Amino acid sequence: MSRFPSLRPRRMPGLAAGGSGVFAVAFALALALLCAALAPRPVWAADLVVYSGRGERFTEPVIQAFRKKTGIATQALVADTTALLTRLEEEGDRTEADVFLTNYAGMLDLARQKGLLQPYRSAHVSNVPKEFHGPDDMWIAGSARARVIVYNKALVDPKKVRSMADIARPEWDGKLGITISSNASFIGGVAAMIKQDGEDKVRRFLAGIKRNAGDRVYPSHTPVISAVARGEIALGLVNHYYFYRALAAEPNAPIGIIFPDQDTTGAVTTITGLGITRHARHAAAARQFVDFVLSDEGQKIFAEVNFEFPVNPHVERDPALPKPGTVKFAPVSQALQTEAIDRAVELIRAEGMQ
Ligand SMILES: [Fe+2]
């Protein structure tokens, strides 16, 4: 029986790795299909199922490490976060998902508001600053991402760009690159700024960066950084890890990073995070998974796969990142920030941004 025909796991551990030849694999596949056709069993043959809106290359290393450590057969369905949330809602109490993992606090909190999550307070939660906790322990951040400014070293004196407000100043007219405003991190950053600075300041900021960017509005962060590296634009507004990724790929790229507002409020952040689904069939395993992600070992993997900041400040971070204590983050509650998302979208629309 196949209740959710499109919901097949991407990987069947042990099946492809057997090494007993093409025929054995084909036979096993045929058998699996036959069993699936005959028996009314769940689509997932796993003891823990994670719906992940985080890319496969970031999700899989965590899943693998968890599987190795606990022996719990864990599988992930990796898809667009919004699609996963819709699916979770449609599936209701029939869902196979035990954990909902996202790269966007807004989606996680929407799941909470729709009653799709259940509370869990991991023993490791005390290591995580409270601004990274979801309401009522319904979700928790796994890693943090700073909104930063990337600059071309030949075109910009970084001393002149200290704050987010600086990239909205007229002197950068035609010299700034941004992503399309529907980008989740763009919206998350604006929502954080609303909570941090108030709406008037955010309106001025949006009007300024819209003018400065003109038609230099890119589909995602990577092309913003490429354009900065080529000197087509002087500055770009991005998530910090895209800078470190670009530098890892091209160590001599003439780009630098500015963590803004260090003298005042600190850089605004967005998060990745996770929660246990309300109808989890494997709630105990799901709790173990949350524990693992928040443990020193899990934090290291979870953050390092993408140059992100661990939410446990004691965990060692990727050596390419600034040392702990050298960068200040705005202490805006991620939960409060999600409340401002609708307003952020309204302000962005009112400004007529692409
Ligand atoms: Fe991203």
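**Entry 1: Getting my bearings**

I take helices (H or I, at least four residues) and strands (E, at least two) as DSSP runs, numbered from the N terminus. With that in hand, I looked up Arg 317 and found its place in the loop between β11 and α11 (334–339). I also noted at the start that I am working with a predicted model.

Next I wanted the overall tally. The protein comes to 12 helices and 11 strands. It has 354 residues, and 45% of them count as buried. I then checked contacts between residues with a separation of 6 or more, and residues 24 or more positions apart account for 77% of these.

**Entry 2: Back to Arg 317**

Is Arg 317 buried, exposed or partly exposed? I found 19 C-beta neighbours inside 10 Å, so Arg 317 counts as partly exposed; a residue needs 20 or more to be buried.

I looked up its contacts too, leaving out residues up to four places away in sequence. Arg 317 touches Ala 303, Phe 309, Pro 310 and Pro 324. I also checked one distance: the C-alpha atoms of Arg 317 and Gln 299 are separated by 9.0 Å, and these two residues are 18 apart along the chain.

Then I followed the chain into the loop between α10 and β11, where Phe 307 has its place. Phe 307 is not a glycine, yet its phi is positive, near 55 degrees. Phe 307 counts as buried, because it has 21 C-beta neighbours inside 10 Å.

**Entry 3: Another positive phi, in Asp 136**

I found a positive phi of about 55 degrees in Asp 136 as well, and this residue is not a glycine either. Asp 136 is found in the loop between β4 (117–118) and β5. Is it buried or exposed? With 12 C-beta neighbours inside 10 Å, Asp 136 counts as exposed.

**Entry 4: Helix α3**

Helix α3 runs over residues 81–91, and I looked up its buried members: Thr 81, Leu 84, Leu 85 and Leu 88. Their arc around the axis is only 100 degrees, which puts them on the same side of α3. The face turned away from that buried side carries Ala 83, Thr 86 and Glu 90, which are exposed.

The buried residues of α3 pack against β1, β3 (99–102), α4 (105–113) and β10 (269–277). Just after α3 comes Gly 92, with a positive phi of about 55 degrees.

**Entry 5: Strands β1 and β2**

In what sense do β1 and β2 pair? Strand β1, residues 48–52, pairs with β2 in the parallel sense, over five bridges. One partner I looked up is that of Leu 48, which is Thr 74 in β2. From β1 the chain crosses through helix α2 (residues 56–70) to β2, and this β-α-β crossover is right-handed. Strand β2, residues 74–78, is mostly covered, with four of its five residues buried.

**Entry 6: The largest nonpolar core**

How many residues are in the largest nonpolar core? I found 100, and those with the most contacts inside it are Phe 100, Val 150, Tyr 151, Ile 167, Ile 225 and Leu 235. Strand β5 gives the most to this core, with eight residues. The core draws at least three residues from each of domain 1 (22–143 + 270–324) and domain 2 (146–268 + 336–350).

**Entry 7: Gln 196**

Beyond its neighbours within four places in sequence, Gln 196 is in contact with Thr 265, Val 268, Ala 330 and Val 332. I also noted that the C-alpha atoms of Gln 196 and Pro 331 are separated by 8.6 Å, while the two residues are 135 apart along the chain.

Definitions and conventions:
Residues numbered from 1 in each chain as written. Predicted model: local features only at pLDDT ≥ 70, side-chain atom pairs only at ≥ 80, totals over all residues. Pairing = 2+ DSSP bridges. Right-handed = clockwise from strand over helix to strand, strands pointing away. Contact = placed C-beta atoms within 7 Å. Core = buried A, V, L, I, M, F, W, Y, C linked by C-beta atoms within 7 Å. Domains from an automatic or database assignment. Arc of directions from axis to C-beta.
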